[in-house]
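Visitor: Could you show me around this structure and the place where its ligand sits?

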Amino acid sequence: MVEYQIRRRGIRDEKVLEAMFQVPRHEFVPPAYLASAYDDRPLPIGESETISQPYIVAAMSVAARVQPGDKALEVGTGTGYQAAILAYLGATVYTVERNPQLAESARDRLARLGYKGIEVICGDGTEGYSAAAPYQVIVVTAAAPVVPPPLLDQLDSGGRMVIPVGDLLHQDLQLIFKRGSEVATRLLDPCQFVPLIGKHAWPEKPDRFW
Ligand code: SAH
């Protein structure tokens, strides 16, 4: 997976490559998909949600330029896989999941696998998590119609946010830098994520927006 799907597509960050090599993706996928754990695609994780494709997890981790000791906020815990990668890179991770069942199983899984420094919070991540703000890194792993304002507020000066922004079918990965009150945005890869549902994103039943 690391050689063929990630390094050959241009990911050169050795620390991220090592994280992708070391974090056992098969522990994060449902038993029915065990044989596909290292395939080049997102996989269903139940509750109509997915674990992202390995390449996109790597690309987001590189773009966020995680430094040891950074405080990172992830929105959309899902299985906890991306959170484990961020923790492996040395960040203290706060990860917010709206679905209570997914939050609970991610919390159990991360504890069982021995990851330290990851707190799983159940709630609406479009509000961020102000209790631990500001964050040097924010990673949003669900598709947003716009950048939720609370996330911009909770990004530290010098911080980086990686977020897919677009409609429900297609998004572009945006990399947002904040310096003081200035914000600069760079467009990265096109991507397809499941919807970010919450106060500052899509409503619960977003089909009327298709
Ligand atoms: N990062 C995950 C995959 C994310 S899938 C992993 O590594 O496995 C997207 C997740 O975002 C889903 O679990 C979905 O329930 C969650 N989500 C959607 N809207 C949310 C919101 N407003 N706050 C928190 N989580 C949200």
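This is a predicted model: local features need pLDDT of at least 70, side-chain atom pairs count only at pLDDT 80 or more; totals for chains, interfaces and linings use all residues.

Visitor: Which residues come nearest to the ligand?

Guide: A residue counts as near if one of its heavy atoms lies within 4 Å of the molecule. There are 26 residues around the ligand, and those that come nearest are T79, E97, D124, G125 and I197.

Visitor: How far is a nitrogen atom of the ligand from a polar backbone atom of G125?

Guide: Let's look at polar contacts, here pairs of N or O atoms within 3.5 Å. A backbone N or O atom of R98 is 3.2 Å from a ligand nitrogen, and for a polar backbone atom of G76 the distance to a ligand nitrogen is 3.0 Å. For G125, the distance is 2.8 Å.

Visitor: How much of the ligand's accessible area does the protein cover?

Guide: Accessible areas come from the Shrake-Rupley method with a 1.4 Å probe. On its own the ligand has 580 Å² of accessible area, and the protein covers 99%.

Visitor: Which element gives the largest share of the shell around the ligand?

Guide: Helices (H or I, at least four residues) and strands (E, at least two) are DSSP runs, numbered from the N terminus. At least two shell residues come from each of β3 (71-75), α4 (81-88), β4 (92-97) and β2 (49-51). The largest share, 3 residues, comes from β2.

Visitor: Which element gives the most to the lining of the largest pocket?

Guide: A pocket is an open set of points on a 1 Å grid over the protein atoms alone, with protein on both sides within 12 Å along at least five of seven lines; lining residues have an atom within 4 Å of a point. The ligand sits in the largest one, with more than half of its atoms within 2 Å of the grid points. With 4 residues, the top contributor to the lining is α3.

Visitor: What is the phi of S48?

Guide: S48 is found in the loop between β1 (43-46) and β2. Although S48 is not a glycine, its phi is positive, at about 60 degrees.

Conventions. Residues are numbered from 1 along each chain as its sequence is written. Side-chain values use heavy atoms; hydrogens and water are left out. A polar contact is a pair of N or O atoms within 3.5 Å; within protein, one must be able to donate a hydrogen and the other to accept it, and residues adjacent in sequence count only if both atoms are side-chain atoms. On a 1 Å grid over the protein atoms alone, a cavity is a set of points where a 1.4 Å probe fits but cannot get out, and a pocket is an open set with protein on both sides within 12 Å along at least five of seven lines; lining residues have an atom within 4 Å of a point.
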